[in-house]
Structure formats: structure tokens, C-alpha cells
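Dear colleague,

Please find below the structure that I am passing on to you, together with its sequence. My notes on its disulfides and pockets follow.

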Amino acid sequence: MAPEPAPGKTMVPLVPALVMLGLVAGAHGDSKPVFIKVPEDQTGLSGGVASFVCQATGEPKPRITWMKKGKKVSSQRFEVIEFDDGAGSVLRIQPLRAQRDEAIYECTATNSLGEINTSAKLSVLEEEQLPSGFPSIDMGPQLKVVEKARTATMLCAAGGNPDPEISWFKDFLPVDPATSNGRIKQLRSGALQIESSEESDQGKYECVATNSKGTRYSAPANLYVRGPATWAQNPTGVSSLPSRLLSVCVCVCAQASIHDCV
């Protein structure tokens, strides 16, 4: 026999109550995708690089996919690099091909509650087609070896009209100094300054110059972060560099010590 309700109280059926609680919890926990970074139209140089960045938030975390002319991107020259557990993605195209790569590229963010889309246009110019004022890289980053916990500075200087904005990529992903708690800063000159360097800072860096005429990438440069013990055993640093870099360092440093290179 079902228990009698206490005087003055009404019993709520258990199953409907649980369903309602589940709906309330779902309403508070789950959400449709919302873009927090969208790809921007770009004009690149044939033989160069283009990168489109797309990121969304939502619960469950959305997944990013890329489409070109209604088909999922697929080419040896196209690379998709994910970050933020797949909720962020970079579509990198290298080397660019005029006409063949010119298209609208669509970013789609999907989770169990919905799907959203955004797109950007890529234009590709041959060298002889470049307009006056197209960005130039006057000084790009160079190979650098730094002791752990020291400051590393990756240099970049660019020209163009109007003056280009400089941004940075590390291992093909955008560098966001705002997420480094002040440890990584972009200087007014465009250089990237990394304080209290960590092993996670090691990688391949590119600086990117962008203005209304187009976008140009620097050649990539590697940053190596070495532990203090290794540094103390070999302060010149040359002989313990990876063998593939020895000739590079000798070329760059000439008669200078490794400290002059860093």
C-alpha cells in the first residue's frame, strides 16, 4: 500500500520529477555551438602560405570541419591542425596555387544540439600581380637556442602600405600572448618575447604580416629550449645541438659563440 502523504503536503510523482530535473540540468549544462574565432578573408602569394583559424564553444564541445565547394578539404597541400580538443582548428594551405586554391572555405562547428557555419574567401596572386604596398618580411625569425628559464626573443620586421599588423604562429597554430599570464609578449617592433622559457615553448615559429593588400609569411625558424644541466656541461651549445642543425649554426654563427646566436 502506498504511504499516505503528511497532512498539508502534496506528494510529487517520482518519475516525472526526475524527468523534470534532468531537463533542468540539461538546460543549464548543454548549449549549441557559438563561434569565438572565425576565419577571415585572405589574399596570399602563390607559393606562399594561408591559414584559416576557426574555433567554437558549446556543450558538448563542438567539432570543427572544413569544406571547399561543398566537399571536405582533401589535398597533400592542405593540413588541418586541431586545438582545444577539436573545438578549434587551423586550415593551412601550403604552397598556395593561384586559381586552383581560390575559393570560399567553410568552417562548420557541430555538436549534439546543432550546427553552425561561417566562411572566408581566399585569393591568390602571382608575384607579378602583387599590388603596391603588399606586405614584405624585412627580417624574419632565426634559429635560436636558449637556456630554460631565460628570455628568448624571436625577431620580425615587416613593411607595407598601410603598415602591416604582425602575428605569430608556432607549429602552425596561432600564438595568443593573452593566454600566457604575461610570460609571452609581442613587442611594438613585432618581435615575440618569451620570458622564463619552458620546454613547451620549443617549436617552429613563423611571423605573419597582414594589411589590406594581403598576407605574407616569414620562413619558419626553430626555437630550442635546453635544460640548465646540459647548458652547464656544454656552454657553447654547438656540439650538443641536433646534428642536422650543426651546419646551420656554423653557417649562421661563423666565428661567434652560440651565445651570439641566441
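A disulfide is taken here as a pair of cysteine sulfur atoms within 2.5 Å. Cys156 and Cys207 form such a link, with their sulfur atoms 2.1 Å apart. Please bear in mind that the model is a predicted one.

**Disulfides**

Under this rule, the count is two disulfides. The link of Cys156 and Cys207 is right-handed, with 65 degrees about the S-S bond. Cys156 and Cys207 are both buried.

The other pair is Cys54 and Cys107, with an S to S distance of 2.0 Å. The link of Cys54 and Cys107 is left-handed, at -85 degrees about the S-S bond. Because Cys54 lies in strand S3 and Cys107 in strand S8 (residues 103-111), the pair ties together parts that are 53 residues apart in sequence. Cys54 has 0% relative accessibility and therefore counts as buried; for Cys107 the value is likewise 0%, so Cys107 counts as buried too. The cut-off applied for "buried" is under 20% relative accessible area.

**Largest pocket**

The largest pocket holds about 680 Å³ of space. Its lining is made up of 28 residues, and those nearest its centre are Glu40, Val53, Ser167, Phe169 and Thr210. Two or more lining residues come from each of strands S2 (42-45), S3 (50-59), S9 (114-125), S14 (165-170), S18 (203-211) and S19 (214-217). Strand S14 gives the largest share of this lining, with five residues. By residue class, the lining of the largest pocket comprises 11 nonpolar, 10 polar and seven charged residues.

**Second largest pocket**

For the second largest pocket, the volume is about 340 Å³. Pro174, Val175, Asp176, Thr179 and Ile184 lie nearest the centre of this pocket, which has 16 lining residues. The elements that contribute two or more residues to this lining are strand S15 (173-174) and strand S17 (192-194). The lining of the second largest pocket divides into eight nonpolar, three polar and five charged residues.

With kind regards

Conventions. Residues numbered from 1 in each chain as written. Predicted model: local features only at pLDDT ≥ 70, side-chain atom pairs only at ≥ 80, totals over all residues. Heavy atoms only, no water. 1 Å grid on protein atoms, 1.4 Å probe; cavity = no way out; pocket = protein on both sides within 12 Å on 5 of 7 lines; lining within 4 Å. Points joined across faces, edges and corners; volume = space filled by probe spheres on them. Helix = DSSP H or I, 4+ residues; strand = E, 2+ residues; numbered from the N terminus. Nonpolar A, V, L, I, M, F, W, Y, C, P; charged D, E, K, R; others polar. Buried < 20%, exposed > 50% of the residue type's maximum accessible area, 1.4 Å probe, protein only.
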